[in-house]
Amino acid sequence: TTALAMTDLTAADAKAVLADKELQEELLELELDDGDEPEYIREARRTAFMREMEQLKACRDGGCGSVSEVVGDKALLDATTSVQHVVCHFFHKDFKRCAIMDKHLNILAKNHYKTKFVRVCADSIPFVVERLKIRVLPTVICFKDGIAIDRIVGFEELGSADDFKTAMLERRLIKSGVVEAKGVYEAPGALCGFAAKEDSDDD
């Protein structure tokens, strides 16, 4: 496992790594720092590191790091197949709970750079909505390699309350396998201190 794969990078960290060749070289040196390892292991680490860099570049080119809005069936298909993991929010512009979901997804998009976050107005893609059997908004569908693997319907799994914490949604997406856990739980209901930081934002 490489240094870059140890945790899901934030958008700011990923952009810093991609923009700084010297930083990339330093990270690679850290990967190869154990001089007691056989050369074939060092070479495997080097290859894995370069693969991680290519993945970060693909995420950058795919628009990861923020929630982007897509319009139309073709744009949605392109978005959900552009990177391995995609979280798509089907929303209605007049629904309060869709706005609440957007707020949390915007936070998570900045903290999980290897996952693409998109939103699409359900009214604009009736064929897709029918095919995916979307009946309640907001609905968040998780895609892996272009295939829908899980969904979050409304707020039922998020405490059925409008004031749920971002970490609760994050844990649910981790369970789906579309975002990576950033480490160990530091406190009940918190991921690596992330939830504690967001608590004040939710109030």
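Modeller: Here's a walk through the pocket, then the loop beside it in the sequence listing, then a helix pair and a word on confidence. Keep in mind that this is a predicted model. The largest pocket holds about 190 Å³ of space. Its lining takes in D73, L76, L77 and T80, along with F127, V128, R131 and L132, and then F143, G146, I147 and A148. Sort those by class and you get 8 nonpolar, 2 polar and 2 charged residues.

Which elements supply at least two residues each of that lining? They are α4 (73-80), α6 (126-131) and β5 (147-153). The top contributor is α4, which gives 4 residues to the lining.

Staying with α6, let's look at the loop between α6 and β4 (139-144), where P138 lies. The peptide bond joining L137 and P138 is cis, with omega at about 5 degrees. K133 lies in that loop between α6 and β4 too. Its backbone is worth a glance: phi of K133 is near 55 degrees, a positive value in a residue that isn't glycine.

Now for the helix pair. Two packed helices are described by the angle between their axes and the distance between the axes. For helix α2 (residues 21-31) and helix α3 (residues 39-61), the axes come within 10 Å and cross at roughly 145 degrees. That crossing of α2 and α3 is right-handed. On the α2 side, the contact uses Q24, L27, L28 and E31, while α3 brings R45, R46, F49 and M53. By class, the residues of this α2 with α3 contact come out as 4 nonpolar, 1 polar and 3 charged.

The chain has a mean pLDDT of 84, and 84% of its residues reach 70 or more. Residues 183-203 are another story: the pLDDT is below 50 there, though the stretch has 31 contacts in the model beyond near neighbours in sequence.

Notes
Residues are numbered from 1 along each chain as its sequence is written. This is a predicted model: local features need pLDDT of at least 70, side-chain atom pairs count only at pLDDT 80 or more; totals for chains, interfaces and linings use all residues. Side-chain values use heavy atoms; hydrogens and water are left out. Axes are lines fitted to C-alpha atoms, for helices over the stretch in contact, and angles run from 0 to 180 degrees between N-to-C directions. A crossing is left-handed if the near helix is turned anticlockwise from the far one by less than a right angle, and right-handed if clockwise. Contact means heavy atoms within 4.5 Å. Ala, Val, Leu, Ile, Met, Phe, Trp, Tyr, Cys and Pro count as nonpolar, Asp, Glu, Lys and Arg as charged, and the others, Gly among them, as polar. On a 1 Å grid over the protein atoms alone, a cavity is a set of points where a 1.4 Å probe fits but cannot get out, and a pocket is an open set with protein on both sides within 12 Å along at least five of seven lines; lining residues have an atom within 4 Å of a point. Grid points are joined across faces, edges and corners, and a volume is the space filled by probe spheres set on the points. pLDDT is the predictor's confidence in each residue, from 0 to 100.
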